[in-house]
Amino acid sequence: MIGERVKVRIRCNVCGEKFVLRGKREKERIDTGFKQCICNNMYDFDIEEHPV
Ligand SMILES: [Zn+2]
């Protein structure tokens with residue numbers, strides 16, 4: 001559902017750092033405002049969604 005709020009768990013595949021963010025579902029992605037990991041990785045992540 002577009003606009004649904006979700007919790008997103010992001011794990012960096014480069015350094016293993018984990019982030020938990022609140023996001024909002026858009027058409028084909030989830031908008032969390034997440035830009036990049038602290039290790040500068042911007043693309044290689046495992047992303048899991050959880051209902052809030
Ligand atoms: Zn990282």
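What spacing do the donors of the zinc ion follow along the chain? They follow C-x2-C-x21-C-x1-C. The model examined here is predicted, with local features requiring pLDDT of at least 70 and side-chain atom pairs counted only at pLDDT 80 or more, while totals for chains, interfaces and linings use all residues. Residues are numbered from 1 along each chain as its sequence is written, and side-chain values use heavy atoms, leaving out hydrogens and water.

The zinc ion has C12 (SG), C15 (SG), C37 (SG) and C39 (SG) as its protein donors, lying 2.3 Å from the ion. Donors here are N, O and S atoms within 2.8 Å of the metal (3.2 Å for Na, K and Ca); sites may look incomplete, as water is not among the atoms. The angles among the four donor atoms run from 105 to 111°, and the site is tetrahedral, a label given to four donors if all angles lie between 85 and 135 degrees. Within this set, C12 in strand β1 and C37 in the loop between β3 and β4 (45-51) link distant parts of the chain, 25 residues apart. Both C12 and C37 are buried, that is, under 20% relative accessible area with a 1.4 Å probe and protein chains only.

Turning to the fold, four strands form an open antiparallel sheet in the order β3-β2-β1-β4. Strands are DSSP runs of E with at least two residues, numbered from the N terminus, and two of them pair if DSSP finds at least two bridges between them. Because β3 and β4 stand at the edges with a single partner strand each, one side of each is left without a neighbour in the sheet.

Seven bridges pair β1 (residues 5-12) with β2 (residues 18-25) in the antiparallel sense. Here K7 has R22 in β2 as its bridge partner, and I10 stands opposite F19. The two strands form a hairpin with five residues between them, and G16 in the turn shows a positive phi of about 85°. A hairpin through four residues then joins β2 to β3; two bridges connect β2 with β3 (residues 30-31), and R25 is partnered with I30.

The largest nonpolar core consists of eight residues: V6, V8, I10, C12, F19, I30, C37 and F45. Such a core is a set of buried Ala, Val, Leu, Ile, Met, Phe, Trp, Tyr and Cys residues joined through side-chain atoms within 4.5 Å. Strand β1 supplies the largest share of this core, with four residues.

Terms used:
Four donors count as tetrahedral if all angles lie between 85 and 135 degrees; four count as square planar and six as octahedral if opposite donors are over 155 degrees apart and all others between 65 and 115; anything else is irregular. Buried means under 20% relative accessible area, exposed over 50%, partly exposed in between (1.4 Å probe, protein chains only).
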